[in-house]
Amino acid sequence: MTPPSSLMLSQTLLLPPNNSSPKSHHFHSHPFCSSLRISTTRTTTTPPLAHSPKRFLRLSNSSSKPFTVSASSSSSPLQALIFDCDGVILESEHLHRQAYNDAFAHFNVRCPPSASDPLHWGLEFYDVLQNRIGGGKPKMRWYFKENGYPSSSIFESPPEDDSDKEKLIDILQDWKTERYKEIIKSGTVEPRPGVLKLMDEARAAGIKLAVCSAATKSSVVLCLENLLGFERFQGLDCFLAGDDVKEKKPDPSIYLTASKRLKIPSTNCLVVEDSVIGLQAATKAGMPCVVTYTSSTANQDFKDAIALFPDLSDVRLEQLEHLLPNVLVAE
């Protein structure tokens, strides 16, 4: 993947700076993620297995030995398991990119207006964009601010006043959302490995379940009903989407709101995220977070995660209970 620092926007503009630029950290081998692999046709660097900052856990250097805990699983403080949707429950960013590009083509969005073809967000560009800016409208708002507002079938000339600019973004986002729903309803999308199994295991153990997504509520509802099944979706103890909070991730609002609705302290919640943006939102809310990365987020700096996994297929609830900081032997 092209490094963010060299990935150019429209060949002239850089993406917004990443405050979590990769740094050198010391990592310890994790028995539960000792066989991390990334399935992708693009060249990526497999991330370190697990990080062990002092406020989190110290993992064994030997992958054959389990890590040590200071209490039994029966005394685990884990009371709620909170999942992000896009990238965690389903690997969806390529679907979102397709829906955006379909919207740009449908409305003949030209940026700049002199462009010969409709706007098209490429794969590597979108990988970086979606990992820097959360939410669909903020993405377009930022892009058009940096590159100039486009001409389109909505506005023949680029809009100049704020109300018309917002109208353009609203129409594009609404159409994109409906297109995304069509893709989800096509029946070709599957949940990521291990998600349903882990949810069912948590539910059986009396752990509360929540989903917190920055995406539009209607599209998230459709995803969850199709991928989790109606019964699992209705059984969630809390469900929040981007519409439910004023600020998008990495702002912690959505996780703080979930904590209040669940009536569970942040330290007793464990978040499952796939990106630095989500990780930052969780940690700012005071919640420990594990990361199940994707091919587009694998190279990000996850130093504040308590564990990294390529997916959840081999992850058990007991392992997650042992990961919470206040039951582990800290450094």
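**Aromatic rings and their surroundings**

Guide: Trp175 is partly exposed, with a relative accessible area of 26%, where buried means under 20%, exposed over 50% and partly exposed in between, with a 1.4 Å probe and protein chains only. Before going further, note that the model is predicted, so that local features need pLDDT of at least 70 and side-chain atom pairs count only at pLDDT 80 or more, while totals for chains, interfaces and linings use all residues. Residues are numbered from 1 along each chain as its sequence is written, and side-chain values use heavy atoms, with hydrogens and water left out.

Across the whole structure a search finds 12 aromatic pairs, a pair being two rings of Phe, Tyr or Trp (its six-membered ring) with centres within 6.5 Å, called stacked if the planes are under 30 degrees apart, edge-to-face if over 60 and tilted otherwise. One of these joins Phe104 and Trp121 edge-to-face, at 5.0 Å centre to centre and with 80 degrees between the planes. This pair links distant parts of the chain, 17 residues apart, since Phe104 belongs to helix α1 (residues 93-106) and Trp121 to the loop between α1 and α2 (123-130); helices here are DSSP runs of H or I of at least four residues, strands are E runs of at least two, and both are numbered from the N terminus. Phe104 and Trp121 are both buried.

The ring of Trp175 has its own partner, Phe107, and the pair is edge-to-face because the centres lie 6.1 Å apart and the planes stand at 80 degrees. Phe107 is found in the loop between α1 and α2 and Trp175 in helix α4 (residues 162-185), so this pair ties together parts that are 68 residues apart in sequence.

As for the rest of the chain, the secondary structure comes to 10 helices and eight strands, and 52% of the 331 residues are buried. Of the contacts (heavy atoms within 4.5 Å) between residues at least 6 apart in sequence, 71% join residues at least 24 apart.

Strand β3 (residues 80-83) is covered on both faces, with Ala80 and Ile82 buried on one side and Leu81 and Phe83 buried on the other. Strand β3 runs parallel to β4 (residues 208-212), to which four bridges join it, and Ala80 stands opposite Lys208 there. Four bridges also join β3, again in parallel, to β6 (residues 269-273), where Val272 is the bridge partner of Phe83; two strands count as paired if DSSP finds at least two bridges between them.
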